[in-house]
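Colleague: I've just opened this one and could use a guided tour. Where shall we begin?

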Amino acid sequence: MSIRAHAWMPVSPCGIGCLPRRPQRVSLLTCAARWLVVILALVAVPLLAASRMLPAAARVALLRHCARGLLRCAGLRLTVTDLRNGPDAAEPGAGVLVVAPHVSWTDVLVLTAITPSGFVARADLLGWGALGALARRMRVIPIERENLRELPDVVARIRTRLRLGDRVTVFPEGTTWCGRAHGRFRSALFQAAVDAECPVQPVRLRYLDGTGAVGTAPAFVGDDTIGAAIRRMLRHRGTVADVVLAPLQRPGTDRHELAARCERAVRGEPDALPLPVPVAG
C-alpha cells in the first residue's frame, strides 16, 4: 500500500493480495532464454537508440520492436483497437499528451510498442540500474509525488516538450492500481496540454487473462519490488495487453474538466468496438 506524504498525494489500496495465487508459468529453460533477450536489449538498445548514425524514423522503429520483444518476454500479447479517425487524428508533428491508467512497469512497454514517446515517471526509476539507463535514453521526465513544490517544474517541462511537437505520456492516477480497481485522474499535469493548446490522447489499457476477464498478473503494487515484479513476469504467460486508442480530446481552458473528459474516455465502454487487431512481433 502506498504511503501518503501529504493530503494531495495519490494512494492506492492495492497490494500483494491482488496478485493471482497460481499464475500461468513457462519452463525454466524458456525463462532463461527470456532473461538473455532482456539483458541484450537493455544493453544494446539504449546505445543504438542514442546513436546519431540512425535516422529518427529508424530509432523510433527500433524502440517499438524492442518494446514488442520485451512484452513477449513478459508473457504478454498486445492487441490494439484504434477509434481515432478523420478530425480525431493528430496533425503530423504536433505535440500530443497521452494519458492512460497505471497498472505496471509493463505499461511503458505497451505504449512504446504502439508509438514511442517521452514519459513522466517516478524519480527513483532513474536509479534502477539498466532500466534507469534506458529511462534516461528515453528522456523520462522524473516526478517526486512526495514533493509538491516540484510539480510546477514538471508541468513546465511537459509543456515545453509539447510545444516542440513531442508526444509525452503521463499516468494521471499518480500511482499503480491492480487493474480491477482504479483511481481517479488527477488534473495537475493536464495543465501542460491546456497551456500548450495541444490535444490529449486517452488510452484504455487493460490486462486480460485467458478467460478474457481483467487479470492482475502484471500489477506492480503494494510492497512489490521492481526486481520481484520483473522476475515474476519473465516466468509468466497467457495475458493479453488490450489497448483502445480513444478519440482525441481537445484541451479547452479548464484542466479539471479536461481530466474528467479523459477519464470518462478511458473508463467508458462504447456501444460497439471494432474487433481488436493482434500486433505482429
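Modeller: With the surface: accessible areas come from the Shrake-Rupley method with a 1.4 Å probe, and for residues only the protein chains shown count as cover. Here the chain exposes about 14,000 Å², with carbon and sulfur atoms supplying 58% of that area. Keep in mind that this is a predicted model, where local features need pLDDT of at least 70 and side-chain atom pairs count only at pLDDT 80 or more, while totals for chains, interfaces and linings use all residues. Residues are numbered from 1 along each chain as its sequence is written, and side-chain values use heavy atoms, with hydrogens and water left out.

Colleague: How much of the chain do buried residues make up?

Modeller: Buried means under 20% relative accessible area, exposed over 50%, and partly exposed in between (1.4 Å probe, protein chains only). Buried residues account for 47% of the 281 residues in this chain.

Colleague: And how many helices and strands are there?

Modeller: Helices (H or I, at least four residues) and strands (E, at least two) are DSSP runs, numbered from the N terminus. This chain has eight helices and eight strands. A contact means heavy atoms within 4.5 Å; among contacts between residues at least 6 apart in sequence, 79% join residues at least 24 apart.

Colleague: Which residues touch the most other members of the largest nonpolar core?

Modeller: Such a core is a set of buried Ala, Val, Leu, Ile, Met, Phe, Trp, Tyr and Cys residues joined through side-chain atoms within 4.5 Å. In the largest one, of 49 residues, those with the most such neighbours are L71, L78, W105, V110, V203, Y207 and V243. Helix α2 (residues 56-73) gives the most to this core, six residues. Take V203: leaving out residues up to four places away in sequence, V203 touches V98, V99, A100, P101, L111, V243, V244, L245 and V266. Apart from that core lies another, of 24 residues, including I141, V154, I158 and V194.

Colleague: What about helix α7: which of its residues are buried?

Modeller: The general idea is that an α-helix has 3.6 residues a turn, so residues three or four places apart point the same way. In α7 (residues 226-234), the buried ones are I226, A229, I230, M233 and L234. They cover an arc of only 130° around the axis, so they sit on the same side of α7; the arc is that of the directions from the helix axis to the C-beta atoms.

Colleague: How many salt bridges does the structure hold?

Modeller: Six. A salt bridge is a side-chain nitrogen of Lys or Arg within 4 Å of a carboxyl oxygen of Asp or Glu. One of them pairs D195 with R159 (3.1 Å, N to O). D195 lies in helix α6 and R159 in helix α5 (residues 151-163), so the pair ties together parts 36 residues apart in sequence.

Colleague: What does R267 form a salt bridge with?

Modeller: With E173, the closest N and O atoms being 2.7 Å apart. R267 is in helix α8 (residues 255-267) and E173 in the loop between β5 and α6, so to speak a link between distant parts of the chain, 94 residues apart. R267 is partly exposed, at 24% relative accessible area, whereas E173 is buried, at 3%.

Colleague: Which strands do D242 and R206 lie in?

Modeller: D242 is in strand β7 and R206 in strand β6. Their side chains meet in a salt bridge too (3.0 Å, N to O). D242 counts as buried at 5% relative accessibility, and R206 as partly exposed at 27%.

Colleague: Last one: what is the phi of E197?

Modeller: Most residues other than glycine have a negative phi. E197 has a positive phi of about 55° although it is not a glycine. E197 lies in the loop between α6 and β6 (200-208) and is exposed, with a relative accessible area of 69%.
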